[in-house]
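Have a look at it first, and then read along.

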Amino acid sequence: MSSALTEKNKLAILLFLVSEAVFFVLLIVAYVTYHLRQGNGPTASNSLNIVKTGVFSAFLFASSYTVWRAGLSFQAGNRSWKALAWLAVTIAFGLIFLVGQGLEYSDLIRHHVTISRDLFGTTFFTLTGFHGLHVSVGLIMLTVVLWIAGRSGMRKPKPAAVEVVSYYWHFVDAVWVFIFGVVYLWAFVG
Amino acid sequence: MNGGTHRPTGPETIWDVPEYRGLLSWVTSVDHKQIGIMYLLAAGSFFLVGLFEALLMRTQLIRPENNWLSPETYNQIFTMHGTTMIFLVIVPSLLGFSMYFVPLMIGARDVAFPRLNAFGFWITVLGGLLLYFSFWAGGAPAAGWFAYTPLSEKAYSYSTGQDYWALALLAIGVGTVAAAINIIVTVVTLRVPGMTMRRLPLFVWMTFVNAFLIILAMPALNASLVMLLADRDLNALFFEPQAGASELLWQNYFWFFGHPEVYIMILPGFGMISEVIPVFSRKTIYGYGFMALSTVAIAFLSFGVWVHHMFATGLGFPIYYIFAGASMLIAVPTGVKIFNWIATMWGGNIQFSTAMLFATAFIVQFTVGGLTGVTFAAVPIDWQLTDTYFVVAHFHYTLFGGGLFALFAAIYYWFPKMTGRMLSEKLGKAHFWLILIGFNTTFFVMHPLGLLGMPRRVFTYPDLPYLGLLNEVSTIGAYILATSILVFIVNVVYSLRQGRLAGANPWKGWTLEWIANSPPAVENFAFVPPVRSRRPLWDLEHPDDPDWKHEGGA
Amino acid sequence: MDVASPLLPATPQAEEIARLFYVDLVIAGVIFVVVAGLVATVIIRNRKRSPDDLPVQNFGSETLEWTWTIIPVMIVTGLFVYTMKVMHEVDPKPVGREADVEIIAHQWWWEVHYHPSGAVTANEIHLPVGRDLLFQVRSADVIHDFWVPALGQKVDAIPNHPNYAWYDVDKPGTYLGTCAEFCGAEHAWMRIRVIAQPVPAFGFWVEEQLLDARPPTGSAAKAGAALFAKHTCMNCHSIRGTPANGDIGPDLTHLASRQTLAAGVFRNTPENLMKWVSDPQKYKPGSHMPTMDLRRQSFENIVAYLEELK
Ligand code: HEA
Ligand code: HEA
Ligand code: CUA
Ligand SMILES: [Cu+2]
């Protein structure tokens with residue numbers, strides 16, 4: 001019957017992510033709405049550094065691959081210590097991404113682009129801030145998995161639990177794909 | 001596998017609930033029945049608060065140019081009344097019934113995630129407390145239940161009440177989404193063998209569809225609230241006119257949530273009516289398939305009508321066409337339900353228990369509310385009537401004459417199952433007739449009030465012809481209503497001690513909850529009978545003419 | 001009579017809407033009678049049955065289901081088409097034309113500008129009968145809504161989002177209206193008074209409004225004018241022909257020619273003006289005009305001055 005249990009948790013996390021997705025879609029729509037009516041203050045195209053953020057984003061995108069590998073190594077049958085390494089790499093990549101975001105923020109703030117500067121600042125910081133918050137939550141969950149796995153000598157947690165966490169991580173990653181496209185690429189192209 | 005009895009399905013882990021007695025057993029409970037009852041009790045308490053607020057408003061409005069309440073006080077009260085009734089009364093009490101009965105009706109031992117269930121409940125309570133704490137923290141919110149910007153921005157609503165309002169709704173939103181996820185997963189994974197989706201009791205069906213509405217609509221509220229809080233507390237500019245912001249952004253987001261929310265408040269009620277009417281007509285539900293599908297149709301359409309709350313904002317014609325058309329179309333699946341309920345009663349042997357009386361009144365009153373809804377969907381009429389008492393009449397007919405009447409039907413129907421005792425039918429009938437008279441007196445006159453130009457959300461009004469008279473009638477009605485609630489409370493208190501013992505199946509119902517004991521044991525059932533149709537208990541009683549021989553098509 | 005109802009129209013626009021409403025009312029009435037009638041029939045036919053009588057179990061009928069799906073579809077389709085027609089008649093696009101009347105909503109009063117004459121007034125709107133009038137509605141702070149039922153549709157006053165409406169008044173008279181979007185503390189007292197006059201009378205009124213304020217004549221009024229200028233009144237109010245040109249409160253140049261005060265709280269009498277000027281927070285708590293700490297004599301002088309502003 002443990003398959004029913006897996007099913008149950010997967011279904012729950014998927015429903016949760018659907019709900020989260022609507023939330024992010026609306027924040028993105030708010031960004032787009034105000035992007036289309038931007039005034040002459042700071043905007044995405046004159047304040048953001050697409051190359052730098054692109055590099056940091058690559059780490060986040062790559063971490064989707066590493067978390068998938070970690071999941072494989074948790075599967076019954078080929079459970080192995082490699083999982084810990086993959087997890088550690090995932091966490092490291094996530095952290096690098098957050099550092100990148102931190103650098104970007106401090107750079108913007110140094111140029112007086114803040115959440116209360118103009119509509120670009122408001123929508124940009126809210127959108128990316130909420131994404132960053134989600135990355136942080138994901139990192140905490142990954143760390144918990146890493147810690148439990150390490151302490152129990154890979155006997156715990158169940159593959160299902162790992163899978164739930166990795167769903168979440170993939171989701172956070174996918175959201176960034178959209179944010180990167182809408183906020184950075186769009187500014188760069190148009 | 002369809003032939004034999006089954007063990008109830010349930011979460012595989014046995015949640016080892018420690019053997020607490022008394023209050024502690026409730027506070028620490030993860031049992032779906034206890035949580036369900038706690039939802040109802042919490043909703044009931046907030047109900048009394050909301051009632052009290054309504055009486056304050058009605059008392060203030062009893063005559064023109066009254067200065068009994070100050071405008072600030074009145075504005076806080078109607079905001080709290082609306083917010084309370086929607087977020088802390090109707091939704092939680094519907095969730096309470098869902099949590100209690102969905103597992104029982106599908107032959108499960110509990111919901112899929114008992115701990116999540118407890119979390120959802122307690123965070124909703126926390127939200128309620130946060131909301132009311134605002135009274136002590138500088139004043140309750142006073143921008144109405146949909147808190148239009150920029151009025152709800154710091155520049156115009158300086159009191160922290162508005163922040164408490166937003167935080168409270170965030171908390172309640174999280175709790176509601178948690179509950180919805182739980183319901184969906186429970187229905188998908190914990191149905192007893194034989195309980196196919198096409199055999200689900202309609203209450204479960206509608207609760208199930210409703211849960212999807214919650215999951216898709218709630219995040220829109222959360223997003224709006226987050227933006228509002230960012231503006232208020234981090235000086236962001238989402239809704240700051242000086243920064244060139246769009247005030248319609250808030251309205252679009254809020255109503256993208258807000259309209260589905262009104263169906264969130266009625267779909268489980270439709271489900272309750274769909275349980276009560278067949279049992280007390282001694283017939284099977286008419287047109288089960290159309291009933292289930294029309295629910296899905298309503299759910300879909302409900303995401304395409306939100307602009308009907310914004311017809312006076314000047315968004316322009318093509319947009320209005322789409323949303324007016326969709327709003328009118330939604331009458332069609334709703335009508336399908338109305339007609340199927342009547343068809344179920346048609347030729348039936350109707351037992352007018354109190355529950356059935358409420359269900360019958362529901363049909364008629366909800367139709368009135370629905371028809372005024374369609375009236376607004378004809379855009380130019382809305383241009384005249386939006387934000388008048390005609391709207392107040394519409395939504396009390398749907399929410400109260402519909403939603404609340406369905407809840408009362410459910411309370412009279414399921415109270416014996418939940419407590420083991422019957423509610424007094426005599427007091428019940430007194431309650432019913434009083435509330436019927438009180439409700440229609442209070443709210444029917446609001447239609448002419450709206451047509452006489454009385455705007456909503458005014459703490460007082462000039463002494464123009466008829467306004468004073470009609471408001472007085474409405475206020476008298478509200479006091480009759482309040483009396484009816486007193487009768488109801490007496491009935492509950494009295495019946496809990498002295499009520500007739502119910503036995504497992506006092507109404508001769510046919511769905512699975514009626515084979516469990518009243519109240520059900522911790523594990524709900526020892527065994528679940530075979531489920532081969534929508535009415536397993538009917539099949540047991542009528543082995544010669546079981547339903548599964550007939551349930552093919554519609 | 002002072003009834004402000006969408007069903008007592010004074011413009012062709014409001015008339016169209018009233019007609020749509022009646023059509024809708026008839027449709028709704030018929031549907032209600034059908035539903036209530038069916039329910040009543042069921043109840044009546046049920047009366048003489050014994051409790052144990054088991055009715056025939058009827059699972060449904062596709063024909064019936066489609067019947068009560070299709071008929072409502074047809075009804076709402078009809079209603080929808082008629083709705084579109086009325087929308088077009090009532091609310092045509094305001095192309096290439098300056099608004100005749102410009103309404104700026106404030107917490108909690110209405111600022112009114114006339115084009116092209118440039119006349120300015122507050123809370124009371126004089127209109128010429130028999131003209132196609134285009135209104136522009138804007139907001140100076142939060143969202144309000146301009147609603148005079150006899151004229152026709154409501155129009156939200158939204159910051160950064162000007163809205164338009166046509167009202168072609170065809171009957172002279174006084175029509176009451178109100179702010180119809182909740183806008184804070186004094187939303188209830190944000191009333192509107194429309195005075196529709198034949199064209200010549202309207203023209204005369206506009207001429208009067210365009211004049212500068214008369215200089216004070218009586219001694220009390222003269223003292224009042226000095227007080228008005230000395231105290232903060234002039235920071236918020238304009239009186240054309242004097243240095244007062246504030247724009248936070250209503251223009252007072254011709255205050256005495258208005259029928260009401262403070263957007264409907266009072267009829268415009270000297271006693272009421274005294275009440276208002278000496279303690280606005282008592283009579284309209286929350287309003288953006290502060291209660292001033294002056295001696296009674298000073299207020300009386302100010303009132304004397306304001307009373308001369310015909
Ligand atoms: C339980 C809650 C509930 C329900 C079920 C409904 C149902 C409907 N509502 Fe209502 N509504 C509210 C709660 C609800 N509403 C609330 C709370 C507000 C105010 C919010 C606020 O401003 O504070 C509101 C406001 C509101 C407005 C905005 C008014 C305004 O502010 O200007 C509109 C406009 O179109 C509207 C339309 C409808 C329609 C078309 C339906 C339809 O679903 C109704 C369908 C039902 C029927 C029509 C009856 C049965 C059908 C038949 C018998 C078949 C035959 C019928 C026909 C052919 C017409 N509603
Ligand atoms: C379900 C929703 C609901 C219910 C039941 C009510 C009930 C009542 N409402 Fe309310 N109302 C709203 C939802 C509701 N309202 C909303 C959303 C608004 C808009 C707010 C806004 O504009 O922002 C509103 C606004 C509103 C106004 C307009 C205010 C204004 O615009 O200025 C008025 C005016 O008379 C009013 C009156 C009443 C009255 C007299 C009752 C009475 O009938 C109340 C009687 C109370 C009861 C009958 C309940 C008591 C029941 C129990 C105690 C049972 C215990 C239960 C269990 C054990 C489960 N309401
Ligand atoms: Cu202005 Cu309401
Ligand atoms: Cu709606």
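Below are my entries on what I looked up.

**Ground rules**

I am working from a predicted model, where local features need pLDDT of at least 70, side-chain atom pairs count only at pLDDT 80 or more, and totals for chains, interfaces and linings use all residues. Residues are numbered from 1 along each chain as its sequence is written, chains are lettered from A and ligands numbered from 1 in the order in which they are written, and side-chain values use heavy atoms, with hydrogens and water left out.

**Entry 1: the iron atoms**

I began with the metals, taking as donors N, O and S atoms within 2.8 Å of the metal (3.2 Å for Na, K and Ca); water is not among the atoms, so sites may look incomplete. What coordinates the iron atom of ligand 2? I found His81(B) and His396(B), each through NE2, at 2.0 to 2.1 Å. The two histidines sit in helix H3 (residues 71–105) and helix H14 (residues 389–419) of chain B, respectively, so the pair ties together parts that are 315 residues apart in sequence. I count helices (H or I, at least four residues) and strands (E, at least two) as DSSP runs, numbered from the N terminus.

I then checked the geometry.

Buried means under 20% relative accessible area, exposed over 50%, and partly exposed in between (1.4 Å probe, protein chains only).

The iron atom of ligand 1 has a single protein donor, NE2 of His394(B), 2.1 Å away. His394(B) is also in helix H14 of chain B. I noted 4.5 Å between the iron atom of ligand 1 and the copper ion (ligand 4).

**Entry 2: chain A and a pocket**

Chain A has six helices and zero strands. Of its 190 residues, 47% count as buried. Its C-alpha atoms fill a box of roughly 60 × 30 × 25 Å along the principal axes.

Next I looked at the second largest pocket, with a volume of about 1100 Å³. Its lining has 35 residues, and those closest to the centre are Ile13(A), Phe16(A), Leu116(B), Phe119(B) and Ile181(B). Which helix gives the most to this lining? It is H1(A), with nine residues. By class I count 27 nonpolar, five polar and three charged residues. Here Ala, Val, Leu, Ile, Met, Phe, Trp, Tyr, Cys and Pro are nonpolar, Asp, Glu, Lys and Arg charged, and the others, Gly among them, polar.

My terms: on a 1 Å grid over the protein atoms alone, a cavity is a set of points where a 1.4 Å probe fits but cannot get out, a pocket is an open set with protein on both sides within 12 Å along at least five of seven lines, and lining residues have an atom within 4 Å of a point. Grid points are joined across faces, edges and corners, and a volume is the space filled by probe spheres set on the points.

**Entry 3: cavities**

I found eight cavities of 30 Å³ or more.

Most residues other than glycine have a negative phi, and most peptide bonds are trans. I looked for departures.

- The bond from Ser518(B) to Pro519(B) is cis, with omega near -10°.
- The bond from Gln107(C) to Trp108(C) is cis, with omega near -5°; Trp108(C) lies in the loop between strand S1 (101–106) and strand S2 (109–114) of chain C.
- Lys508(B) has a positive phi near 55° and is exposed at 52%.
- Ala262(C) has a positive phi near 55° and is buried at 17%.
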